[in-house]
Amino acid sequence: MRNLPPPVSIALLLSLWGGWLLAVAQIPEEQAIEEQLPEQQTPVDIAARAVSLLSFVAVDYPEAVSEGSVRDRGLYRQTRENAELAADLVAGLPDRPGRAQLLNTLQSLQAAISGKDAADLVRRRANTAADRLAALYQLPRSPAEPLPAASEANALYRDRCQQCHGEDGIAEQPERALNDPARMVNLSLYDFYNVLEPTRNDAHDEAVDGDLSSRQRWALAVKVASFSAPQVAPSRKLAEQYPALVGLPGMAVLRPSELPEPARASLMWWRAHPEQTRALQHPLARAAGLIYLAQIAYRGGDPAGAYHKLMLALRSGYLPARAQLAERDPALATQLDQQWQALREAILARAPANEVIEQFQRLLASVVKGRELLQPTSSSVIYVWAGILFVAALALGLLLWLGLRRRRIR
């Protein structure tokens with residue numbers, strides 16, 4: 001991805017949300033409902049723990065190995081153990097179309113670590129596996145509501161975190177420091193959030209974060225991100241060039257290291273100051289993000305949560321922009337009205353899952369089209385590539401669904 005020009009890089013990321021992540025596996029509705037596993041952990045909990053392990057493999061390996069030699073034996077051993085444990089967790093999860101390929105990727109990751117391969121290769125492989133796992137088991141990696149400001153977590157950080165991590169993330173022990181941009185650039189806000197969930201990460205005990213609400217964890221994640229953020233805010237023009245980075249889910253799930261400059265530095269600042277981005281985000285961009293989150297919730301077996309996010313997308317994203325859209329393109333506005341209504345009715349009527357997913361995808365494509373019409377980006381290439389990859393992802397999803405259906409018929 002580093003060799004692609006910035007618009008295409010972001011297009012590829014958009015395609016993850018609008019297409020590839022949505023088409024990794026067309027999971028039947030009854031299969032998407034979480035099965036209970038030992039110790040009362042659900043597949044989502046176990047998958048989230050594996051994602052956390054893989055994220056820290058990507059971060060820790062470059063510090064453990066350099067130019068084929070082990071620099072830190074303890075960290076290298078921990079990195080190998082984390083990769084092995086992640087593979088074991090995935091192997092114990094319910095089977096899904098695509099899990100076998102994921103396990104092969106995890107085996108390749110372990111081989112690369114054992115062979116002391118280049119740090120960039122291991123990082124990419126670990127992050128790719130983490131993203132595939134999140135897509136396969138429909139992890140909700142972003143909140144539906146706007147991210148809280150870092151200031152909401154000031155008291156929490158002082159009471160529960162500062163003793164170990166220091167004021168402003170400046171800790172005496174390097175492994176506890178939170179202010180190193182070279183390290184923090186490799187982690188997403190969701191990675192910070194995941195560390196604060198005791199069922200998904202053993203970095204803390206129940207006394208530290210066992211009673212935190214989801215909002216408190218997101219506030220702490222934003223607070224942690226602020227320690228390594230640039231001091232100067234990005235240009236407003238960059239928000240227009242990279243709209244996916246000033247809203248959800250992009251701000252929560254993307255790792256800055258995977259982006260080209262200046263998008264990398266911009267995301268590091270924006271995710272540390274989410275309250276400053278709300279005026280930069282076009283309403284239809286917010287609607288698109290929420291539709292994506294709604295589809296993830298639906299595919300994860302939570303139709304009530306999906307409906308809530310869909311209505312939030314309608315009220316806070318589409319309706320504020322509808323009059324302007326109707327003036328520019330009355331036919332598209334009418335089409336969107338019909339698509340919103342059809343999808344709402346399909347969810348409430350418990351229509352077949354594949355029909356609901358198709359309606360989600362059509363609505364998302366129309367909203368993205370409307371957003372480009374009202375606020376063109378600096379380069380239309382972003383939407384050309386996103387459209388191509390979106391269509392390709394739909395075809396892949398159809399093939400996977402047909403394969404699963406034939407397996408069930410047998």
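**Confidence**

The model is predicted. The protein chain has an average pLDDT of 83, and 80% of the residues reach at least 70. Among the elements, helix α17 (residues 330–348) has the highest mean pLDDT, 97. Helix α2 (residues 29–32) has the lowest, 35. For residues 1–38 the pLDDT is below 50, yet this stretch has 107 contacts in the model beyond near neighbours in sequence. Residues 404–410 also have a pLDDT below 50, with seven such contacts.

**Salt bridges**

The whole structure holds 13 salt bridges.

| Pair | Closest N and O atoms |
|---|---|
| Arg124 and Asp120 | 2.3 Å |
| Glu152 and Arg215 | 2.7 Å |
| Arg255 and Glu258 | 2.8 Å |

Arg124 and Asp120 share helix α6 (residues 119–136). They sit four residues apart, about one turn of the helix. Arg124 is partly exposed at a relative accessible area of 39%. Asp120 is partly exposed too, at 24%.

Glu152 pairs with Arg215. This pair links distant parts of the chain, 63 residues apart. Glu152 lies in the loop between α6 and α7 (154–165), while Arg215 belongs to helix α11 (residues 214–226). Glu152 has a relative accessibility of 43%, so it counts as partly exposed. Arg215 is partly exposed at 42%.

Arg255 and Glu258 form a salt bridge, and both residues are buried. Salt bridges with shared partners join Asp131, Arg141, Asp191, Arg255 and Glu258 into one network.

**Cysteines**

A search of the whole structure finds zero disulfides. Cys161 is in none; its nearest cysteine sulfur, that of Cys164, is 8.5 Å away. Cys161 is buried, with a relative accessible area of 12%. Cys164 is partly exposed, at 38% relative accessibility.

**Gly317**

Gly317 lies in helix α16 (residues 303–328). Is Gly317 buried or exposed? Gly317 is buried, because its relative accessible area is 0%, and buried means under 20%. Not counting residues up to four places away in sequence, Gly317 touches Pro283, Leu284, Ala287 and Leu312. Gly289 is 28 residues from Gly317 in sequence. In space the two are 9.4 Å apart, C-alpha to C-alpha.

Technical notes: Residues are numbered from 1 along each chain as its sequence is written. This is a predicted model: local features need pLDDT of at least 70, side-chain atom pairs count only at pLDDT 80 or more; totals for chains, interfaces and linings use all residues. Side-chain values use heavy atoms; hydrogens and water are left out. Helices (H or I, at least four residues) and strands (E, at least two) are DSSP runs, numbered from the N terminus. Buried means under 20% relative accessible area, exposed over 50%, partly exposed in between (1.4 Å probe, protein chains only). Contact means heavy atoms within 4.5 Å. A disulfide is a pair of cysteine sulfur atoms within 2.5 Å. pLDDT is the predictor's confidence in each residue, from 0 to 100. A salt bridge is a side-chain nitrogen of Lys or Arg within 4 Å of a carboxyl oxygen of Asp or Glu.
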